[in-house]
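Student: I am new to this structure. Can we read it together, one feature at a time?

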Amino acid sequence: MTRSKAEIAKMRRAGRVVAEMHEKLRDAVRPGVTTGDLNAVAVEILEKRRARSNFLGYHGYPAVICTSPNDVIVHGIPGDRRLVEGDIISLDCGAVVEGYHGDAAFTAPVGSVSADALRLMEVTESSLWAGIAVMSPGRRLHEIGRAVQEVAEKAGFSVVREYVGHAIGTQMHEDPQVPNYWPGTPGPVLKVGHVFAVEPMVNLGSPRTRLLRDGWTVVTADGKLSAHFEHTIAVGDGGPEVLTLA
Ligand code: MF3
Ligand code: CO
């Protein structure tokens, strides 16, 4: 569905809260902090901005962010895990303001990391921006995934298939889904007022995934690194507007 100017304005406010969570988390990531400490940083910002968490309680999810180190692709649960130099950590954050949702993720290095890890993060982020770049009215939804996939695969990496982006608005996950690969059909025409969370998950090795016994944590089947970048983006007259930026 499409959203009115007034609705987009609310989503912009939710997006700004998510951007602030990112900013504060970026500063907090260092060797010695636990993923639970990072969740506490995020809780503080939600409280300060009087925003609701869309993650907490979602199908029973127990935290306000997802913390996904190294081979964890997405949905890692914050806890006692202490970050060490050389790790990478994906942090997925969301907020609700006046009933409208924002959702965004990034992957950060913990101290100095391997050249492979750095390149994986750079390529995943640029694949997200390549996807965003096609989000103008009249384009087709699946052009996003085609652009993401091309950047990731040209670099020698692989794109996760089992988890995808999504429309977002008064719920975090709305239809349609936004694959990060070309699914074989062009998909719906993009219109002004469409809002999507685009979120490539890119693996260093095989694209295959495995779900841990906790029912949440998604890891790479081969144990190699994975990165995740996400923004919430509105289709505007003039092209994409990224709502989850400061
Ligand atoms: N933010 C995730 C997404 O990008 C969903 C988080 S699952 C939750 O779709 F349970 F943590 F909320
Ligand atoms: Co999302």
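Student: Which order do the strands of the open sheet of 3 strands have?

Tutor: Some ground rules come before that. This is a predicted model, where local features need pLDDT of at least 70 and side-chain atom pairs count only at pLDDT 80 or more, while totals for chains, interfaces and linings use all residues. Residues are numbered from 1 along each chain as its sequence is written, chains are lettered from A and ligands numbered from 1 in the order written, and side-chain values use heavy atoms, without hydrogens and water.

Tutor: Now the sheet. Strands of a sheet pair through backbone hydrogen bonds, either parallel or antiparallel. Here the order is β5-β9-β12, with antiparallel pairing. Strands are DSSP runs of E, at least two residues, and helices are runs of H or I, at least four, numbered from the N terminus. Two strands pair if DSSP finds at least two bridges between them.

Student: Which strands stand at the edges?

Tutor: β5 and β12 (226-228) do; each has a single partner strand, so one side of each is left without a neighbour in the sheet. Strand β9 (residues 201-203) is joined to β12 by 3 bridges. There, Met-201 stands opposite His-228.

Student: Is Val-164 buried or exposed?

Tutor: Buried means under 20% relative accessible area, exposed over 50%, partly exposed in between (1.4 Å probe, protein chains only). Val-164 counts as buried because its relative accessibility is 18%. Val-164 lies in the loop between β5 (158-159) and β6 (165-167). Beyond four places in sequence, its contacts (heavy atoms within 4.5 Å) include Gln-177, Tyr-181 and Met-201.

Student: Which way do the residues of β1 point?

Tutor: In a regular strand the side chains alternate between the two faces of the sheet. In β1, Ile-65, Thr-67 and Pro-69 point one way, and Cys-66 and Ser-68 the other. All of these are buried. β1 and β3 run antiparallel, joined by 5 bridges. Ser-68 has Ser-90 of β3 as its bridge partner.

Student: Which residues have the most contacts inside the largest nonpolar core?

Tutor: In soluble globular proteins, nonpolar side chains tend to be buried together. A nonpolar core is a set of buried Ala, Val, Leu, Ile, Met, Phe, Trp, Tyr and Cys residues joined through side-chain atoms within 4.5 Å. The largest here has 57 residues, and Leu-38 and Ile-65 have the most contacts inside it. Elements that each supply at least two of its residues include α1 (5-28), α2 (35-48) and β3 (88-97). Leu-38 is in contact with Ile-65, and also with Leu-83 and Leu-91, among others.
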